[in-house]
Amino acid sequence: MLTFDEKLKRIEKRYKSGKDTENLALLKNRLTNRPVILYGLGFFGGVIVKNFAAHGIDVECFCDSNKTGTDAETGLQIISPDVLVSKFSGANVVVSAAAPRTHKAIYDYVLKLGFNENQVFTFDNAFKFFKKSRVEVVNLTLDEIAPHLNGYKRIYDFLKDETSKAVVIKTIESYLFNDTFEYEPPDNSYFPDEIKLTDNEVFVDAGLYFGDTTKEFIKRVNGKYKHIYGFDIDEQNLERAIENLGEYSNIEIIPKGLWSGTCEQKAELGLLAGSNVKESASSTVSLISLDELFSDKPAEVYPTFIKIDIEGSEKQALLGSEKTIKTARPIIAVCTYHKPEDIYELTDILYKFNPDYSFMLKHYSPYTWDTVLYAY
């Protein structure tokens, strides 16, 4: 089995060979030999437009099966599939949906519309041009990643299982080359087989979104749990979550984000799952720490399972949960992909809080996002 240093040498050799840069130039030539149209106006549509523009790739318009008009984010026209066929049969079409099932359905549909395989490009192709996503950086140069390599080596040597070690190496390759991951089934996000749940869980869902993870938790425990606390900063998300979780009892939905203490911060809202605390934003949101929330509660009602996916604020949330974690030793499932340092810094924090935890990393998408650290 190769050591971290040996694997890193292979990665550096590949980077310095320039082959990936050459391949990206060839892909750009293929894309730009015809007008470029994005199929699908979903979460990543605007992201692709911005990343393409950074590489000098212009997008003609969007095509969407459910919307027409003008996209507010990019100002681009949205055409129907009928218009795509009648006016842009000679264009290149890029599928802008990242979810594998949705992507395949759209890709196959575009082929059925009469476009050939040389004209239809996958999300994998688009991802090769990504520097940033909604919140997270997804591409770094070798110089940019260098300050993190000691941390990656430390976490690689610290983690016990080969799957976790492989995630560390693949994270480096994804940052440098926009490589895709081998990944776990997304349905298992936050609830891997290694973690066993009981009928008496107190579940904290930080980054409640529409309540999808909470609904999956309720399913996993067959509807038997003690209490659920859901946190989100985005009013639109909270409205959907309240609607989706209305049939369940013992759920407290808190219109705040988790942080290291009680305060207000600027935030960028209206981005669905991507809404985030951001100093340069115009909106203001309320934040609270778990330690403060549970400061007047007995230890027996402390959280037993904490899930955190809050678009780059994970470190602050953990720092504000120190007493809770030390007192109750809850299971922790925290996302580590929003910042390059998260994968080792968040592990360091949790180990400091409780060195008796077992740790593992799992990854749940083909792309840089959806890496989860478990402490259990």
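Modeller: A charge sits over a ring if NZ of Lys or CZ of Arg is within 6 Å of the ring centre and within 35 degrees of the ring normal. In this predicted model, arginine 240 lies over the face of phenylalanine 210, at 4.0 Å from the ring centre. Another case is arginine 14, whose charged end sits over the ring of phenylalanine 177, 3.7 Å from its centre.

Biologist: How many aromatic pairs does the structure hold?

Modeller: There are 29 aromatic pairs.

Biologist: Why is the pair of phenylalanine 123 and tyrosine 367 called edge-to-face?

Modeller: The ring centres of phenylalanine 123 and tyrosine 367 are 4.9 Å apart and the planes stand at 65°. Planes over 60 degrees apart count as edge-to-face, so the pair takes that label.

Biologist: What makes this pair a tie between parts apart in sequence?

Modeller: Phenylalanine 123 belongs to helix H6, whereas tyrosine 367 lies in the loop between strand S16 and strand S17, so the pair ties together parts that are 244 residues apart in sequence. Both phenylalanine 123 and tyrosine 367 are buried. Ring pairs also link them into a cluster, with Trp369 among its members.

Biologist: Why is the pair of tyrosine 351 and phenylalanine 359 called tilted?

Modeller: Their planes are at 50°. Stacked requires under 30 degrees and edge-to-face over 60, so this pair is tilted.

Biologist: How do you know whether phenylalanine 359 is buried or exposed?

Modeller: Its relative accessible area is 8%; buried means under 20%, so phenylalanine 359 is buried. Tyrosine 351, at 39%, is partly exposed, because that label covers values between 20% and 50%.

Technical notes. Residues numbered from 1 in each chain as written. Predicted model: local features only at pLDDT ≥ 70, side-chain atom pairs only at ≥ 80, totals over all residues. Heavy atoms only, no water. Phe/Tyr/Trp six-rings, centres within 6.5 Å; stacked < 30°, edge-to-face > 60°. Helix = DSSP H or I, 4+ residues; strand = E, 2+ residues; numbered from the N terminus. Buried < 20%, exposed > 50% of the residue type's maximum accessible area, 1.4 Å probe, protein only.
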